[in-house]
Amino acid sequence: MDYSPREMMAIAAAREIRDGDIVFCGTGISMLAAMAGKHISAPNSVIFFETGAIDSQLEEVPLAVADPRVMFRTSVNGSLADAFATMQNRFTGCHVVGILGAAQIDRYGNLNSTVIGDYEKPAVRFSGSGGAADVASFVNRTIIFMQHEKRKFVPKLDYMTSAGWLDGPEGRKNAGLGGGGPWAVVTNMAVMGFHEETKEMYLRQYYPGVSPQEVLDKTGFEVDISKARETPPPTPRELRILREQCDPQKLILG
Amino acid sequence: MNTNDKVMDLSEAVRRYVSDGCHISIGGFTLNRNPMAAVYEIIRQRIKGLHLYAHSNGQGMDELVGGGCLAKLEIAYGGTGRFASTCIRFKKAVQEGSLQVEDYSNYQMTLRFLAGAMGVPFLPTRSGLGTDIIEKWGFSREMRTADPRLPDYKLRVVENPFGSWGDAEKLVLVPAIHTDVAIVHVQKADRQGTARMEGLPFTDVEQIKSSKHVILTCEELADTEEMRQNSDLNQIPFFCVDAVVHVPFGAYPTACYRYYDYDPAYLSDYSKYAQKEELFRIYLEKFVYGVSNHRELLDLAGKERLQSIKADPRTGYAVNLDRR
């Protein structure tokens, strides 16, 4: 069965979602991955948005986290203050998985979504943190979507918007952050993980048709490829649910 | 406490409460419930040098930037989802250096409005520890100490004064915001200013309560009697409000839950106009300066367009709207 790299990405991320997770998601493919996760393998997962919408019934794909489509048949339409409290509350925060994206990522999963170049005089300005820095600070696991390019997987970020593992295993603790952190980086070529002890990024899976060496060639720093295996391709069921139930208008899959 | 009739027209409300150099905030989030009629009126009145505070503002913020109304911006996010992943006029202004920006996160901005609403100087969070949001300042220390309207520090990191209580060793303190005016579009308000938002309230309640003056624009001007029934659906007490302006489609081209969707055609066209200076001048001439009020902008959009974004009563948005 034919599928696109975007479909593989959405499904690879959906497989990282566990039943019972409270899934924080942003716009675009992260929203699609959350929807796919819920419909494919984690029916008891809950989709929630930083705008305050909890357990939205997404009959149509929202194009932004404040899209009125996220407000339909929610459990609660709360405020931003409520949404961010949910992420750090000691009883609910441990169930929250955050899905993020960024312009740059480093080997410890720290993210830049603010500027390229000097902060004072940037060559390129991006949207900024939004809720990303908050999510990265608070939640137990983050899944990060990236296009796999050397200029995006960089040895040093131009600006650190959101904390990953900072500078290694003790980084978050030293900074005063909680125990969670980056869990997976889902790209158009591969799924990267973070080494349990060193917290450095490694190649966990490469998609069918992609070689580990090709992944290395597109990564701006060294990564361990010794544990890598090929990602199982999307099953017909996964593809059908993604296409027919999650994005029938192809607004995100294109 | 003012229980008087606060209804006035939009040009009067803006003339009365928004002037050059004011510190303001606008309600809504990216492409939802931005007070667009008021934003266009501010641009038409050629108000300059505004200091805007925002969490994730999109369309309203970007048009104020493009209209040349802003000097300074404290913000967490500038984008309108798929229509502009980074707001285009905002991006250009920052890259050119014509707009001074201070970056925070959404939660930090929310806490800053909440601190203003509560009357405390700051609130603590752990958000942003270890990042450049803490390390890098858009407004320098010198600029801050020279300006009595700004706190001396962007934020401060402190040891937990309660020791290890609450499992936190360090905290980020974010300073309260006190604006001159907050402008929010709501679904319903009465003539005194008691107001009701439907769908997500975002941070609008905190923004309203942290402001000296408040302009509300509303889809429907309701009887006080109606608003006092089921008053648990109301969020804004009348004494916070200075002006109530009845503006149907007042959030257009952004969405207003249960009334209308965002207009994908307008937002897509805007993204094209925003790409180039010449085009953006044409946009402003036609859609902002070329009309004398919001009604005339809606006439430009046309009945058919407005009909197509009308909310379905079951879902609160326009089902099967062509959003490509």
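Biologist: Which residues in H4(B) do Met61(B), Asp62(B), Val65(B) and Gly66(B) in H3(B) meet?

Modeller: They meet Ile88(B), Arg89(B), Phe90(B) and Ala93(B) in H4(B). Sorted by class, this contact has five nonpolar, one polar and two charged residues. Keep in mind that the model is predicted.

Biologist: What describes two packed helices?

Modeller: The angle between their axes and the distance between the axes describe such a pair. Here, helix H3 (residues 59-66) and helix H4 (residues 88-96) of chain B cross at roughly 50 degrees, and their axes come within 7 Å. H3(B) is therefore oblique to H4(B). The crossing in which H3(B) passes H4(B) is left-handed.

Biologist: At what angle do H2(A) and H7(A) pack?

Modeller: The angle is about 120 degrees for helix H2 (residues 29-40) and helix H7 (residues 236-246) of chain A, and their axes are 10 Å apart. Roughly perpendicular covers 65 to 115 degrees and roughly antiparallel begins over 145, so H2(A) and H7(A) are oblique to each other. H2(A) passes H7(A) in a right-handed crossing.

Biologist: Which residues in H2(A) and H7(A) meet?

Modeller: From H2(A) come Leu32(A), Met35(A), Ala36(A), His39(A) and Ile40(A); they meet Arg237(A), Glu238(A), Ile241(A), Leu242(A), Gln245(A) and Cys246(A) in H7(A). The residues of this contact divide into seven nonpolar, two polar and two charged.

Biologist: Next, the backbone. Which residue other than glycine has a positive phi near 50 degrees?

Modeller: Arg46(B) does. Arg46(B) sits in the loop between helix H2 (36-44) and strand E2 (50-53) of chain B. Asn230(B), also not a glycine, has a positive phi of about 50 degrees. Asn230(B) is in the loop between helix H9 (224-228) and E13 of chain B.

Biologist: Why does Asn230(B) count as exposed?

Modeller: Exposed means over 50% relative accessible area, and Asn230(B) has 54% relative accessibility, so Asn230(B) counts as exposed. Arg46(B), with a relative accessible area of 48%, is partly exposed.

Biologist: Is the peptide bond from Tyr252(B) to Pro253(B) cis or trans?

Modeller: That bond is cis, with omega near 10 degrees. Pro253(B) belongs to the loop between strand E13 (243-246) and helix H10 (264-273) of chain B.

Biologist: How many residues apart in sequence are Gly119(B) and Lys209(B)?

Modeller: They are 90 residues apart in sequence, and 9.6 Å apart in space, C-alpha to C-alpha. Gly119(B) is in the loop between helix H5 (106-118) and strand E7 (122-125) of chain B.

Biologist: What is the mean pLDDT of chain B?

Modeller: The mean is 97, and 99% of the residues of chain B reach 70 or more. The model scores ipTM 0.96 and pTM 0.97.

Notes. Residues are numbered from 1 along each chain as its sequence is written. Chains are lettered from A and ligands numbered from 1 in the order in which they are written. This is a predicted model: local features need pLDDT of at least 70, side-chain atom pairs count only at pLDDT 80 or more; totals for chains, interfaces and linings use all residues. Side-chain values use heavy atoms; hydrogens and water are left out. Axes are lines fitted to C-alpha atoms, for helices over the stretch in contact, and angles run from 0 to 180 degrees between N-to-C directions. Helices (H or I, at least four residues) and strands (E, at least two) are DSSP runs, numbered from the N terminus. Angles under 35 degrees count as roughly parallel, over 145 as roughly antiparallel, 65 to 115 as roughly perpendicular and the rest as oblique. A crossing is left-handed if the near helix is turned anticlockwise from the far one by less than a right angle, and right-handed if clockwise. Contact means heavy atoms within 4.5 Å. Ala, Val, Leu, Ile, Met, Phe, Trp, Tyr, Cys and Pro count as nonpolar, Asp, Glu, Lys and Arg as charged, and the others, Gly among them, as polar. pLDDT is the predictor's confidence in each residue, from 0 to 100. Buried means under 20% relative accessible area, exposed over 50%, partly exposed in between (1.4 Å probe, protein chains only).
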